[in-house]
Amino acid sequence: MKGTLNLVGYGLSAIGPAIATGMIFAAYISGVARQPEARSVLQPIAFLGFALAEALALFGLVLAFVL
Amino acid sequence: MKPNDDGAAWSIVGYLLSGLLFWGGVGWAVDHWLHTRYFLLAGLLLGAGAAMYLIWLRIGRKSK
Amino acid sequence: MRSLHLLSASGGGFVPPSSNDFIFPSFFGHSQYATKPILLVFLSVLLISIFFILASRKAAIVPSKLQFAGESLYGFVRNDLGRDIIGHEFMRFVPYLFTLFVFILTNNIFGIVPLLQFPTMSHVSFPYVLAIITFVVFHYIGIRKQGIRKYIKDIMFMPGVPKAAYILLTPIEIATYFITRPLTLALRLFANMFAGHLLLLVFILGGDHLLKGVIGLKLISPFAFAFGIGLTFFEFLVQCLQAYIFTLLTALYIAGALADEH
């Protein structure tokens, strides 16, 4: 078996965004379930938070290939 | 909900990826050309920031 | 891997499954066009044709079981993917969406059908071709609908942004529409099928290898097989989901091209 440690690092760095994404959508879903009319307020916030978390994961992906 | 609202959510990853790849690629090219090291990081941050701005324009602004 | 090698009685080291397991020998001589994935594609076309011809041949008001199966699949694609996403012009695109969905679904499910057991879409060229077709379709529709200048202008310039920001944003928009979208569309399907098939190979081949080992390892191997079987059901879920997502994104892109502005 061979490979590069970069990919192990990328795997480790993807844990954080993965948990973050799960928490963001869990909060979004429970928020909408409790108060369905809040959907239009919560949706952009949830997706922007998701974008922030996802940006970190993609940083890891890019840096794993570049460095 | 308008038919197009789901589309914006799916395009988040696409925007982030293209932002990071394009401006990160520019930074990498500048690094390669000038033999420096920090333009790559600057390009990546710039790309991520620009992509976030674009996502805000697509999703955040629409709900106002 | 080393400890496993020492423990196994047969002495042969465990060869972990790799991308080499996706390369098949040719059926006739050295022709690279007569391999298992190509055969599976033709088989899928044949199966889909037979199924829908049988399902629609004796269409009745009180449907038979076969007709019901075919119609509910069609209704799902037409209503949930066509009407709800594309809007009032959806009927023009339902044939394409339905063909895409059924074709990808059948080829994915080949991954867990006994004896076939290979998802065709885990060869990257098939998703690439499908993504290129989708790419051409949605850009063509956008250009037909809005004219080439307005379509390109809408993509390049997001309204309501200070002029200086276009230097930053326009390259990203162009890269998204013309590179990232078709690429991620193809790679998402490919990567899911590839990784899923590899995962099943790891557990089944690993379980098989453990079975050849010493008594302690023999006792572990049922767990590996049980996991393999459980993951097979999980793979079924993923295969349906990926076919759905590919079609959903195609519909979303078509809807985006039809919309006047984004």
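**Exercises on helix packing and contacts**

The axes of helix α2 (residues 39-60) of chain B and helix α7 (residues 166-211) of chain C come within 10 Å of each other and cross at roughly 80°. The model is predicted: local features need pLDDT of at least 70, side-chain atom pairs count only at pLDDT 80 or more, and totals for chains, interfaces and linings use all residues. Residues are numbered from 1 along each chain as its sequence is written, and chains are lettered from A and ligands numbered from 1 in the order in which they are written.

**Exercise 1.** Classify the crossing of α2(B) and α7(C) and describe the contact.

Step 1. Axes are lines fitted to C-alpha atoms, for helices over the stretch in contact, and angles run from 0 to 180 degrees between N-to-C directions. Helices (H or I, at least four residues) are DSSP runs, numbered from the N terminus.

Step 2. Angles under 35 degrees count as roughly parallel, over 145 as roughly antiparallel, 65 to 115 as roughly perpendicular and the rest as oblique. α2(B) and α7(C) are therefore roughly perpendicular to each other.

Step 3. B:Ala50, B:Ala51 and B:Leu54 of α2(B) meet C:Leu168, C:Leu169 and C:Ile172 of α7(C); contact requires C-beta atoms, placed from the backbone, within 7 Å.

Step 4. The contact has 6 nonpolar, no polar and no charged residues (Ala, Val, Leu, Ile, Met, Phe, Trp, Tyr, Cys and Pro count as nonpolar, Asp, Glu, Lys and Arg as charged, and the others, Gly among them, as polar).

**Exercise 2.** Describe which residues of chain C touch chain B, by helix and by class.

Step 1. 20 residues of chain C are in contact with 16 residues of chain B.

Step 2. On the chain C side, α3 (65-86), α7 and α8 each supply at least two residues. The largest share, 10 residues, comes from α7(C).

Step 3. By class, this side of chain C has 13 nonpolar, 5 polar and 2 charged residues.

Technical notes: Two residues are in contact if their C-beta atoms, placed from the backbone, lie within 7 Å.
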